[in-house]
Amino acid sequence: ELEASPKMKTRIYHDLGVASVLVARYDRGAQLLESLLKLQPDNAEVGYYLALAQFHLGKISNAAQILHQASKSAVGNKRIGKLIEALVVKVKSGGV
């Protein structure tokens, strides 16, 4: 059986979590990304994808809270910052 280092486990959670969200497996993606966000609370990318999963699961208030934190962490990262801004607009409109 293979043992993964903590750094490798973090990468696996990140990659599987993001991939799950991108293929609409929002429950699984949210699980993985919630665990990862506890370890990396300032990771704006993880926050964005977790918020996206929460949004698609209909958990709008959770998505809003996560986005608020992620937007603080995204300073200096234009790509994630723009993604967060776009999702904030959707969240504020209630998903319409």
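Modeller: The part I will take is helix α3, whose buried residues are Ala44, Val46, Gly47, Tyr48, Tyr49, Leu50, Ala51, Leu52, Ala53, Gln54 and Phe55. Please keep in mind that this is a predicted model. Eleven of the 13 residues of α3 are buried, so the helix is largely enclosed by the rest of the structure. The elements that its buried residues pack against are α1, α2 (26-39), α4 (60-73) and α5 (78-92).

From its first C-alpha to its last, α3 reaches 18 Å, close to the 18 Å expected at 1.5 Å a residue. At the start of the helix, a side-chain oxygen of Asn43 comes to within 3.1 Å of the backbone nitrogen of Glu45. After the helix comes Gly58, which has a positive phi, near 85°.

The side chain of Gln54 makes a polar contact with the side chain of Glu34, at 3.0 Å. Leaving aside neighbours within four places in sequence, Gln54 is in contact with Ala30, Glu34, Lys59, Asn62, Ala63 and Ile66.

For contrast, look at Ile12, which is found in helix α1 (residues 6-22). Ile12 has 37% relative accessibility and therefore counts as partly exposed. Together with Met8, Tyr13 and Leu16, Ile12 forms a nonpolar patch on the surface, with about 360 Å² of accessible area for the four together.

Terms used. Residues numbered from 1 in each chain as written. Predicted model: local features only at pLDDT ≥ 70, side-chain atom pairs only at ≥ 80, totals over all residues. Heavy atoms only, no water. Patch = residues over 30% accessible without salt bridge, like charges linked within 9 Å, V, L, I, M, F, W, Y side chains within 5 Å. Areas by Shrake-Rupley, 256 points an atom, 1.4 Å probe, with all protein chains shown as cover. Salt bridge = Lys/Arg side-chain N within 4 Å of Asp/Glu carboxyl O. Helix = DSSP H or I, 4+ residues; strand = E, 2+ residues; numbered from the N terminus. Buried < 20%, exposed > 50% of the residue type's maximum accessible area, 1.4 Å probe, protein only. Polar contact = N/O pair within 3.5 Å; in protein donor to acceptor, adjacent residues only side chain to side chain. Contact = heavy atoms within 4.5 Å. Expected span 1.5 Å × (residues − 1).
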